[in-house]
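Visitor: I'm new to this one. Could you show me how to read it?

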Amino acid sequence: MSSHLVKVATLSDFAQTGCFTAQANGHTLALYKYGENIFAVDNRCPHMGFPLNKGTVRDGILTCYWHYARFDLATGGTFDQFADDVPAFPVVVRGEEVWVDLTPKADRAAYYRQRLTDGLERDIPLVIAKAVINLLEPRPERQDLASRREGTAPVEPFKLGLEYGTRYRNQGWGQGLTILTCMMNLLPHLHAEDRARALYHGLSAVTRETTGNAPRFVVSPLPGTSADLVTLKRWFRQFIEVRDEEGAERCVVSALRAGATPVQMADMLFAAATDHRYIQIGHPLDFTNKAFEALDWAGWEFAEPVLTTLVRGYAFADRMEESNAWRHPLDLVEILGAAFERLPNILEKRETTGETTLREAGKSGLVEVLLGDDPQATVNGLLTALEQGTHPVALAQTVAYAAALRIARFHTANEFGDWDTALHTFTFANAVHQGLRRIYGMSTHARAAVDDQGFGGSYTELIRGIFDAAMSIYLDRFLNIPPARLPTPSTEPRKGGPMDNAVEPRAVLETLSGLLNQQQQVNSAGRAVADYLFAGGEAAEVLATLGGLLLREDRDFHTIQTVEGAFRQYQLLGDQPEAVYVLVAAARYLAAHAPTMRAQGQTFGIAVRLARGENLFEE
Ligand code: FES
């Protein structure tokens, strides 16, 4: 006999209505007498937790009273995909006594993996939220010891979303997969209770973007292995040049099948992304960086479906050679072209000093030059830095920092839409920095060192991205006229600000949460983050708090990009004092875009309360 068999009722309990509720082993059961049989299901409707004993049974189908989800009374299986299957329990009648077998379901993880797929396929955020919560979090309180299990690693739902998003969007990599990867990157910084929320946002973004799209079919590789990687890279760039998506994709697949390493593939794709200036206001290059970061999490075995999604973005991008702002009144493309001609010579002769710090790279006042109004001086400054031995990675970091300062100094008198202008430059600059770290073997996850094989060992094309980012910073200069003041450490009491002289870091973070409940607390939010860090507050705590505040809002692609990019830059700056202003930039951008309706958070909250077994309604 099952040790989970519990007596819950007698036949006389069904005499009046045919339905009876009972408590047993932490469950509330709805028991229905239908025909000659008794059926038992969990009384909480799996859709939103309303009581199923108020439902109706007809023709063996139980219909919930609230949103009319229908369930097979015998198995609990639902006919409505917006609801989950309701747990059903075997019933044994012994004479007058009704017993229920409460043996837990064998593999809840498998069930919720399938439900995650269902939610992605049908674009049902509540189903996605429930699946992620149940996959990540064990629920020992609802069952006995035998059902305890470890939560699934977050990377599993991430992989599922990555696989889904790359297959079901014929336009390739877009905002959805970028948001998903940003969320995965943010995960280590978040409080534990926010991790499922982050994945929910990422996976929901993927399904939102794939819904209604045709699937993708990856082209086959060239037959045999005749073409070497140098040739494939050259062909690839030529095909992108003439906007031949399919030819270019065949080169990518063939290079992968020929065994190209992650560094070689990064070099090949980043080269095409920088053959023209600042294509599609930086998105294809940022997406490339994110795709490689996704592979860091998911594994190189996903390379073919993931990297092929990028090709269309390069092939059909707008090129800034065609843009007025890059041509008039000064021809920035010409200035850059002249600089690029000098690059090979400079790179060959320069004395490498390794990964110099931002402070060293910026000591010649390069940041001020980057934020100035002379593009030729900017380009000269970058070339000189390289000549003097500044490592390209350090130079890219300096440019990314200058781009973050555009946001930190963004004046709220600007048009609101101009936040995006500053964001695009920062995201691009950050992607160039991360791409170069990957190519030069400095990325945390880079699994192959730079070698002299494959593409001739040059790996230098992406360096052009540093110059493109710098030109975009120049073009954004009007956003800092006049500049917003950067916060400085307090020396005097400042009554009425987000905090006064009695600095208590924890209180500052609570202040920040309140500020983001109001519109346009841009300067105060930046000030609060600076005060917290200047007062010696824990960096991990401010990151977790900002991440939590980001997740509290409805998804906004650009805000997610800003916060994620700022976290990355902050981490890499380490204890350099400049790091504070990167997070000031993130807080200001977030404050400019908060509060939202928080509708997505409401859906997630319902899923959380359901998972905890809390009531969602009051009768
Ligand atoms: S259908 Fe049952 S709670 Fe919505």
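Guide: Let's take the cores and then a pair of helices. This is a predicted model, where local features need pLDDT of at least 70, side-chain atom pairs count only at pLDDT 80 or more, and totals for chains, interfaces and linings use all residues. Residues are numbered from 1 along each chain as its sequence is written.

Visitor: Which residues have the most contacts inside the largest nonpolar core?

Guide: In soluble globular proteins, nonpolar side chains tend to be buried together. A nonpolar core is a set of buried Ala, Val, Leu, Ile, Met, Phe, Trp, Tyr and Cys residues joined through C-beta atoms within 7 Å. Buried means that 20 or more other C-beta atoms lie within 10 Å of a residue's own (exposed is 12 or fewer, partly exposed in between), with C-beta atoms placed from the backbone. Here the largest core has 161 residues, and those with the most contacts inside it are Val 132, Val 399, Ala 404, Val 529, Val 582, Leu 583 and Leu 590. Helix α17 (residues 392-408) gives the most to this core, with 13 residues. Helices are DSSP runs of H or I, at least four residues, numbered from the N terminus. There's also a second, separate core of 27 residues, which includes Phe 39 and Cys 45.

Visitor: How do helices α2 and α25 pack?

Guide: Two packed helices are described by the angle between their axes and the distance between the axes. Axes are lines fitted to C-alpha atoms over the stretch in contact, and angles run from 0 to 180 degrees between N-to-C directions. Helix α2 (residues 125-136) and helix α25 (residues 599-612) pack at about 45 degrees, with their axes 9 Å apart. They are therefore oblique to each other, as angles under 35 degrees count as roughly parallel, over 145 as roughly antiparallel, 65 to 115 as roughly perpendicular and the rest as oblique.

Methods
Helices (H or I, at least four residues) and strands (E, at least two) are DSSP runs, numbered from the N terminus.
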